[in-house]
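Here's a quick briefing to read with the model open beside you. Have a look at the fold first, then work through the points below.

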Amino acid sequence: MNPEPHSDLLLSVKNLKVHFQGVGPVAKAVNGVDFKVRRRQTVCIVGESGCGKTVTALAILGLLKQPPAVIAGGEIFFDGLSLFDLPASQMRNLRGKRIAMVFQEPMTSLNPVFTIGDQVGEAVLVHEEVSDDQARRRTIQLLYDVGIVEPEKRLNDYPHQLSGGQRQRVMIAMALACEPDLIIADEPTTALDVTVQAQILRLLKRLKQDKEMAIQYITHDLGVVAAIADHVYVMYAGVVVEQGSADAIFSKARHPYTMALLDSLPTKEKRGQRLYSIPGSVPHPAYRPLGCPFHPRCRYCEPSCEKAFPDFFDYGKGHEARCPVLYKSGVGEKDR
Amino acid sequence: MLAFFGRSVIQKIVTLFFVSVVSFLIIHLAPGEPSQIDPLNPKFTPEMVERMRKEFNLDKPLHIQYLLFYRNLFNGRIVSWRDNLPVLGKIWERFLNSLPLFIVGTLLTWTISFPVGIRSAIQRDGIYDKSTTFLSYLLISIPGFFFAYILIIFVVTKLHVPVIGMETFGVTASSPLVRIMDRTWHLVLPSILGATGGVAVLSRYVRGQMLEIIGQDYVRTARAKGLSSETVYYKHALRNALLPFVTMFGLILPGLIGGSVIIESIFSWPGMGRMAYEAILGRDYPVILTINFLTAVLVLAGTLVSDLLYMVVDPRIKI
């Protein structure tokens, strides 16, 4: 049961575990993730490549290929519905209509042999009883909304005739087709250059205001997080290590991993200095260390970190971090 | 578009010229001349050999022979050295015999391979996929002639179906309906055999192609839209998976004239493949070279058709 029906809670993921069973040891890509998305909220999921961000998103939409993926545990509630208990047909009705996704690679995410008008219109037609003509007009409106110039003319273009930024706009138009409650954006600007990235972020912000949607934004780019996030979840090695409001994360980070990520950001003050990078690399999902998964790379590591992975420590106002060392010692932002 | 067409036709004519030169040379480089086909025959005197060489222009220099041959070919006056019949007439007659075999075989191949391959890909590693994979490799591994004899034994002893030749001897006297049935029965086994190898190989290609496309990002996008899996597979994936087969479709054209030597020989089918084979054994240069030339024309026409078809089905290709 959803603990908070009729509230503004839209999506809640509880203790989600996704494993990949191939040849060799089981890869625990997502290993107990909890997070919530409220209506009209922009939630950012941050973490390095390979920490399980995308797998989590695909699990929500039921798009994981099973096998090799296995949902090893956990629950996902969307607006009171338990997604893992929904029959396939209802899950399909939810996809695109109430939860839509924008993918990372605009270059390969559009079907090369259909016009963009077809592909956006299809998203309308599949969920709503409208005539082809109505769908066409909706498509033009959607393309206009996402900032495609002269949408009537671009309608018959094929994806290869568009630039990367335009393609991502088309992807967003497709996601908006049925005015979903939640858009999951999986690194939608990673493949784009910085100016286009800024345009897409502005577009998403504006659309979120206009259409009253929630956005779950997956990224590894803290600059993007700073620009759009209301609430932030920091993921490492398949688990959430810290969560809090965007302000709390940026000014009072309480987990060594978050702090290290912030330290690796280039800023004006650090101009001319060598940029900090976290030693080591993200452990392979099949060979994660015991205890706190970050301990081999952590500068605050204590012997106890190698034995047990601690629970969250509360810092108030929804700000929580899973590091007992910093909690006890009171090391904070200014000491970094 | 027109410029592309013109340019490509000119290119193909140039290619054809080189093909004609090379095939002419290869035939003439091969040991054995038509005049020496039976040197041990006591009736074959050196004078006769000389006379034949003169008759067939074999005493002239190669480039003169080449010009004479292709002049005759284009005038339609070329005749076989064995029976002095016009080569084009002979080929046409045999072509009409091979045609039903080719059409039925090709239709079977393409109509069976696609559903089988697509289903294997969608249900990857399922029972259906594993059994068709096993069957395909089995059919690929069994030599065609061996499989043919097993089938003939089975069909003749169990089903009492006539299999040799194009029709039963003496059936011409029967009513048209009986003749049609007889011809159909004769057609069944050779076309099925002709198709098995094709199905085994083509269904594998279809499966591989389909699997590759199913893993593409845009197929995931289609799923994320909430489309049914039928629409995802048969609209979004299949349309892309079919693209490379359009190229193959143009390349089945040469099969029209090639026929199948093995199957036609086993079933005593008086088709193109057998005629070509017999012509090679008999050093019947005009027949060999004409078939060779026509095949080259069809190959080149096939590639042109492929290019044009590709333009129709793939919006990314524009000329």
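A crossing counts as left-handed if the near helix is turned anticlockwise from the far one by less than a right angle, and as right-handed if clockwise. Helices (H or I, at least four residues) and strands (E, at least two) are DSSP runs, numbered from the N terminus. Keep in mind that this is a predicted model: local features need pLDDT of at least 70, side-chain atom pairs count only at pLDDT 80 or more, and totals for chains, interfaces and linings use all residues. Residues are numbered from 1 along each chain as its sequence is written, while chains are lettered from A and ligands numbered from 1 in the order in which they are written.

**The helix pair in chain A**

- Helix 6 (residues 164-176) of chain A packs against helix 7 (residues 194-211) of chain A at an angle of about 15 degrees, with the axes 10 Å apart; axes are lines fitted to C-alpha atoms, for helices over the stretch in contact, and angles run from 0 to 180 degrees between N-to-C directions.
- Angles under 35 degrees count as roughly parallel, so helix 6 and helix 7 of chain A are roughly parallel to each other.
- The crossing of helix 6 and helix 7 of chain A is right-handed.
- On the helix 6 side of chain A, the contact (C-beta atoms, placed from the backbone, within 7 Å) includes A:G164, A:Q168 and A:I172; on the helix 7 side of chain A, A:V196, A:I200 and A:L203 are among the residues involved.

**The sheet in chain A**

- In chain A, 8 strands make an open sheet with mixed pairing, in the order 6-7-8-3-9-10-12-11; two strands pair if DSSP finds at least two bridges between them.
- Strand 6 (99-102) and strand 11 (313-314) of chain A sit at the edges with a single partner strand each, so one side of each has no neighbour in the sheet.
- Strand 3 (residues 42-46) and strand 8 (residues 214-219) of chain A run parallel and are joined by 5 bridges.
- A:C44 is opposite A:Y217 in strand 8 of chain A.

- Chain B has 14 helices and 0 strands, and its C-alpha trace spans about 85 × 60 × 40 Å along its principal axes.
- Of the 319 residues of chain B, 29% count as buried (20 or more other C-beta atoms within 10 Å of a residue's own, placed from the backbone).
- At the interface, 18 residues of chain B are in contact with 23 residues of chain A.
- Helix 8 (217-224) and helix 9 (229-241) of chain B each supply at least two residues to the side that touches chain A, and helix 8 of chain B gives the most, with 7 residues.

Conventions:
Angles under 35 degrees count as roughly parallel, over 145 as roughly antiparallel, 65 to 115 as roughly perpendicular and the rest as oblique. Two residues are in contact if their C-beta atoms, placed from the backbone, lie within 7 Å. A residue is buried if 20 or more other C-beta atoms lie within 10 Å of its own, exposed if 12 or fewer, and partly exposed in between; C-beta atoms are placed from the backbone.
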